[in-house]
Amino acid sequence: MQHSSRFYKKLSGTFTFLFFIWLMFFCTFTLGKYPQEGILWLLERLNQFLATILPPGMLYGFISNGVVNGVGSVLAFLPNILILFFFMYMFEESNYLTHVAELLDHLMHKIGLHGNSVVPLLMGFGCNVPAILATKTIPDTKRKILTMLLIPFMSCSARLPILVLLVGTFFPQYPLLVIFGLYAFTIIMAIITAILLDRLFFKMPIDLTPVEVLPLQKPKLKRVLLLTWNAGYEYLKKIGTVVLIAMMAIWFLSNFPQNDAIQANNQIAYQYFAESNTDSFQDNTYLARFGRFIEPALRPLGFDWKMSVCLTTGLAAKEFIVGTMAILYHAGEDDLENPHIGTHLKNSGAFTIPVALSFLVFAMLYMPCVATIYAIRRESGSWKWALFSVVYSIALAWIISFVVFRVANFVF
């Protein structure tokens, strides 16, 4: 009887957990698109206003494409970020995560971990850096390091913009199914990685120490909202500083050097930047030269030089990927006033469904941001595991994306 009761408790707990995860995804991606569309509408009005007060030329191209479209494309996903963090803080403040840790403790044993690794892993869906720092609560050094190496597989909020953008653009009929599938896929990759690393490097005995479960409590809505506001403020602060500087630099690198004809006549240059700014010019820029240099390594995955550059900027911070896309793919269009990047991606002809799938898989698996790598180095006490995380994640992302791209070409 006791065994049967424990079984039904675990079964109901599993369904409850899956329901909460589904609800979080639904609200983040489905409900979040309405305020996101509102922000894009405001950005479009701002671009139209700029077109009335600025003469056609380089200044307009810089402000409209480099600042408004580049930075605004990242800002537009703020509602999705806020909704995701709201749910994460609700789970945390109610002590629900400790119950999930107990629920998944047996599964953790099978991959060489303990239930107390669940909380840092779930925190990784919000941000990988504090999740890495949360591994301090894991007493066993080997399990702590293994948990840190798995956290980057938890798709953090910085990956949300690229996820929402590409899924919403190329899979509009069943976005939740694709998103849920991608999250499940990365978790499966994390489980496979845990098993491999445990067998090859760690070989730890099963830890049967019970998980510390805190009693469920009603979360204080005021505190949850305050924590969510702080997360949103940090996101806005990052947009207003790091992202802004990065987008300005990317715009410059994607528009210079000017060719001889443009250098000879500034008036022609202004008209060129504002009205055409075509790929034939862009192919001679600093960014294009760099993109052409690294393109052969990523061409088997279906990526052109622009996609290769976007992924490269994402090494510093994943928020840069969408901002870089906004600049590079708007640059080939006459309509700088339209901030909807998805429209420009479709018009480019480079993004197809197989390429979009390959890009999504690569973006979700490859090296986490620089801050996460440094956090791994600091908490592990060695660059060895930080560098291992970089090399392993990039290699895994390349292999899986290659397979996905080839298979998708047969299916679609």
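**Helix packing and local backbone features in the predicted model**

In the protein chain, residues 24 or more positions apart account for 77% of the contacts with a separation of 6 or more. The model examined here is a predicted one, and its protein chain has 22 helices and 0 strands. Of the 412 residues of the protein chain, 53% count as buried, while the accessible surface comes to about 18900 Å², of which 69% belongs to carbon and sulfur atoms.

Two helix pairs were examined in detail. Two packed helices are described by the angle between their axes and the distance between the axes. For helix 20, which spans residues 353-365, and helix 22, which spans residues 383-411, the axes come within 8 Å and cross at roughly 165°. Because angles over 145 degrees count as roughly antiparallel, helix 20 is roughly antiparallel to helix 22. The crossing of helix 20 and helix 22 is right-handed. On the side of helix 20, the contact is made by P354, V355, L357, S358, V361, F362 and L365, and these residues meet S393, I394, A397, W398, I400, S401, V404, F405, A408 and N409 of helix 22. When the residues of the contact of helix 20 with helix 22 are divided by class, 13 are nonpolar and 4 are polar, with no charged residue among them.

The second pair consists of helix 9 (residues 141-150) and helix 21 (residues 370-380), whose axes come within 11 Å and cross at roughly 180°. Helix 9 and helix 21 are therefore also described as roughly antiparallel to each other. In this pair, K144, I145 and M148 of helix 9 meet I376, E379 and S380 of helix 21, and by class the contact of helix 9 with helix 21 has 3 nonpolar, 1 polar and 2 charged residues.

The buried residues of helix 9 are R143, K144, I145, L146, T147, M148, L149 and L150. The elements that cover these buried residues include helix 7 (118-123), helix 8 (128-133) and helix 11 (175-202), together with helix 21 and helix 22.

When residues up to four places away in sequence are not counted, L50 touches Y60, I63 and V68. Of these, I63 is 13 residues from L50 in sequence, and the two are 8.3 Å apart in space, C-alpha to C-alpha.

Most residues other than glycine have a negative phi, and most peptide bonds are trans. N95, although it is not a glycine, has a positive phi of about 65°. This residue, N95, is placed in the loop between helix 4 (78-93) and helix 5 (96-103), and at 14% relative accessibility N95 counts as buried. The other position concerns the peptide bond from F256 to P257, which is cis, with omega near 0°. P257 lies in the loop between helix 12 (221-253) and helix 13 (260-264).

Technical notes
Residues numbered from 1 in each chain as written. Predicted model: local features only at pLDDT ≥ 70, side-chain atom pairs only at ≥ 80, totals over all residues. Heavy atoms only, no water. Axes fitted to C-alpha atoms, helices over the stretch in contact; angles between N-to-C directions. Helix = DSSP H or I, 4+ residues; strand = E, 2+ residues; numbered from the N terminus. Parallel < 35°, antiparallel > 145°, perpendicular 65-115°, else oblique. Left-handed = near helix turned anticlockwise from the far one by under 90°. Contact = heavy atoms within 4.5 Å. Nonpolar A, V, L, I, M, F, W, Y, C, P; charged D, E, K, R; others polar. Buried < 20%, exposed > 50% of the residue type's maximum accessible area, 1.4 Å probe, protein only. Areas by Shrake-Rupley, 256 points an atom, 1.4 Å probe, with all protein chains shown as cover.
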